[in-house]
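Subject: Structure handover and side-chain contacts

Dear colleague,

Please find the structure below, with its sequence. My notes on the side-chain contacts follow it.

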Amino acid sequence: MEKIVILTGAGISAESGLGTFRDEGGLWAAHRIEDVATPEGFARDPKLVQNFYNMRRAQAREAEPNAAHYALAKLEREFTGEVTVVTQNVDGLHERAGSQNVMHMHGFLEGALCAGCGHRWPAPLNMKITDRCPKCKEVATRPDIVWFGEMPYDMEEIWDHLRSCDYFVSVGTSGNVYPAAAFVQDAARHGAITIELNLEPSAVVSDFAESHCGKASDIVPEWVEKMLSVRR
């Protein structure tokens, strides 16, 4: 039984209207990463950070999955082997498109986390700095997001997937953020066929056996249909 691991980044959600911190417009343009995406920024101004993620949460809820998200969900449904999506995105569009086997290495906008006891629960649309943890009752609520300087979630399980997959496919990633940028090297060392699907070549494109450039909504469905057609 063949196994596919797919890494997705901000590029797959860009066509759904969700910008990245590298875009010139959008929510990120008005904020420094150090202020809204680091533990230190949260410690300095928790209200600013909560409001920023409240806006991101509202934006994500209004966004709709695009053809690339739906294509990956179709691959999971129809592929005769195993398909795992490891996403750097926090928007939940994979699940809304129908994907079920999704790992959120950078957290999830729809989650709340207690910085004190580690308890997690569904986030309301608008989180406040006065919110109490439903378990320990402390005022220590933060977005369940992995910020710069923190360890991504589920890394041991992700490494296990990378070392046992037959195909590693990267979609919409810049290749600038580690440890995700090193996934291709690890998968290749363990024998995986490596493929990059991106709007433009990433910073680690030379590590891939294949690279295809174009809009995610075009090239991802094309690749999925190719994978399914040769196995029908």
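With which residue does arginine 189 form a salt bridge, and how far apart are the closest N and O atoms? The partner is aspartate 186, and the closest N and O atoms are 2.9 Å apart. Please bear in mind that this is a predicted model. Both residues belong to helix 8 (residues 183-189), and because they are 3 residues apart there, about one helical turn separates them.

Salt bridges

The whole structure contains 11 salt bridges. One network, joined by salt bridges that share partners, consists of Arg32, Asp35 and Arg44. Within it, the side chains of aspartate 35 and arginine 44 meet at 3.2 Å, N to O. Aspartate 35 is partly exposed, with 21% relative accessibility, and arginine 44 is exposed, with 52%.

A further salt bridge joins the side chains of glutamate 64 and arginine 96, at 3.7 Å from N to O. Glutamate 64 is in the loop between helix 4 (46-62) and helix 5, while arginine 96 is in helix 6 (residues 93-97), so this pair ties together parts of the chain that lie 32 residues apart in sequence. Arginine 96 has a relative accessible area of 38% and is partly exposed.

Nonpolar cores

The largest nonpolar core has 23 residues, and Ile4, Ile6, Leu75, Val220 and Trp223 have the most contacts inside it. At least two residues of this core come from each of strand 1 (3-8), helix 5 (67-78), strand 2 (82-87), strand 7 (167-171), strand 8 (193-198) and helix 9 (216-229). Helix 9 provides the largest share, 7 residues.

As for isoleucine 4, its contacts beyond the neighbours within four places in sequence include Leu75, Phe79, Val83, Tyr167, Val169, Trp223 and Met227. Glu82 and Thr84 are also in contact with isoleucine 4.

Aromatic rings

There are 5 aromatic pairs. Phenylalanine 52 and tyrosine 53 form an edge-to-face pair, because their planes stand at 90°, with the ring centres 5.1 Å apart. Phenylalanine 52 is buried at 0% relative accessibility, and tyrosine 53 is buried at 1%.

Phenylalanine 168 and phenylalanine 208 are stacked, with 6.2 Å between centres and 15° between planes. This pair links distant parts of the chain, 40 residues apart: phenylalanine 168 is in strand 7, and phenylalanine 208 is in the loop between strand 8 and strand 9 (210-213). Phenylalanine 168 is buried, at 1% relative accessibility, and phenylalanine 208 is buried too, with a relative accessible area of 10%.

One aromatic cluster is made up of Phe42, Phe52, Tyr53 and Trp147. Tryptophan 147 also has a charged residue over its face: arginine 142 lies 3.8 Å from the ring centre. In another such arrangement, the charged end of arginine 120 sits over the ring of tyrosine 153, at 4.8 Å from the centre of that ring.

Regards

Conventions:
Residues are numbered from 1 along each chain as its sequence is written. This is a predicted model: local features need pLDDT of at least 70, side-chain atom pairs count only at pLDDT 80 or more; totals for chains, interfaces and linings use all residues. Side-chain values use heavy atoms; hydrogens and water are left out. A nonpolar core is a set of buried Ala, Val, Leu, Ile, Met, Phe, Trp, Tyr and Cys residues joined through side-chain atoms within 4.5 Å. Buried means under 20% relative accessible area, exposed over 50%, partly exposed in between (1.4 Å probe, protein chains only). Helices (H or I, at least four residues) and strands (E, at least two) are DSSP runs, numbered from the N terminus. Contact means heavy atoms within 4.5 Å. A salt bridge is a side-chain nitrogen of Lys or Arg within 4 Å of a carboxyl oxygen of Asp or Glu. Rings of Phe, Tyr and Trp (its six-membered ring) pair if their centres lie within 6.5 Å; planes under 30 degrees apart count as stacked, over 60 as edge-to-face and the rest as tilted. A charge sits over a ring if NZ of Lys or CZ of Arg is within 6 Å of the ring centre and within 35 degrees of the ring normal.
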